[in-house]
Amino acid sequence: MWTILPPPPFGWTLGAVLLGLLPSSVLWPASHPIESAPKTPVLVELFTSEGCSSCPPADALVAKLLREQPIADVEIIPLSLHVDYWDHQGWKDPFASKVFTSRQEAYAKTFGAKPIYTPQMVVDGRDELNGSDEAAARRAVQAAAVRPHLPLRIDARAAGASVRLSIDLPAAPAAADSEPIDALVALTEDDLSSVVRKGENSGRTLTHVAVVRKLESLGSLEREAFVADGQLSLDRTWKGGKMRAVAWLQGRRSRHVYGAATAALVQ
């Protein structure tokens, strides 16, 4: 259950008034560091499977992008979505879901009815590429970063067997009249591994980051900014210290991502 709250009121705080009375030399001494501009968030989705022998290099690339964040002024926010259509090959991927397969099929229609495949990477809902191609991934991320992104903030806190989420959502831009912009949220987990005993990767130990454990839609943006508060259940096998919450804004028709944010799960 999600609760929609009005945006917090804007106004002068006591701190702001007092700062306005101080000379600039007191406000900003030469040694005081000035905050850098926030990084542009770019959502990188990888459709992958433990049953696919071509996928481990793509899984490793996603881990590298998450760990190194190699593009200046960009925050790469990855999602590893394990599809289920490889399960009949002999190894049932423990992280796979039909929901993720359906998401990939929806992208295929957007990209011109292309056949689905693994590993496939989709960057900000606009560009698709082979998930193992690092050079193409970097180019797509850099192209995405120069596009405007709506502001978005998410806070995630563990509360027993659930995680409480608070998401500050912006107003729908006037330019988005042609399609609703949906707000989505996912819970991801890092540092997962499997010893694969059958199928194309038989005998290998595979590791993963940003594995999507849960994915939900919160509905579309409204004419005014609002705050969505709610909670998602946690499985007892998931390790909260390795989890993050990811929220993003996505056009229902175009599939374009208009903004994204992530936060570690606070224990």
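1. The largest cavity here comes out at about 30 Å³. A cavity is a set of points on a 1 Å grid over the protein atoms alone where a 1.4 Å probe fits but cannot get out, and its volume is the space filled by probe spheres set on the points. Keep in mind that this is a predicted model, where local features need pLDDT of at least 70, side-chain atom pairs count only at pLDDT 80 or more, and totals for chains, interfaces and linings use all residues. Residues are numbered from 1 along each chain as its sequence is written, and side-chain values use heavy atoms, with hydrogens and water left out.

2. Who sits around that cavity? Its lining (residues with an atom within 4 Å of a point) is made of Asp59, Val62, Ser80, His82, His208 and Val209. Two elements, α3 (55–68) and β3, each give two or more residues to it.

3. Now have a look at helix α4, residues 98–110. Its 13 residues reach 19 Å from first C-alpha to last, close to the 18 Å expected at 1.5 Å a residue (that is, 1.5 Å times one less than the number of residues).

4. Which residues of α4 are buried? They are Phe100, Thr101, Arg103, Gln104, Tyr107 and Ala108, with buried meaning under 20% relative accessible area for a 1.4 Å probe, protein chains only. Down the helix axis they fall within an arc of 160 degrees, so they line one face of α4.

5. Check both ends of α4 too. At the start, a side-chain oxygen of serine 97 comes within 3.0 Å of the backbone nitrogen of valine 99. Just after the helix, glycine 112 has a positive phi of about 95 degrees.

Methods. Helix = DSSP H or I, 4+ residues; strand = E, 2+ residues; numbered from the N terminus. Buried < 20%, exposed > 50% of the residue type's maximum accessible area, 1.4 Å probe, protein only. Arc of directions from axis to C-beta. Polar contact = N/O pair within 3.5 Å; in protein donor to acceptor, adjacent residues only side chain to side chain. 1 Å grid on protein atoms, 1.4 Å probe; cavity = no way out; pocket = protein on both sides within 12 Å on 5 of 7 lines; lining within 4 Å.
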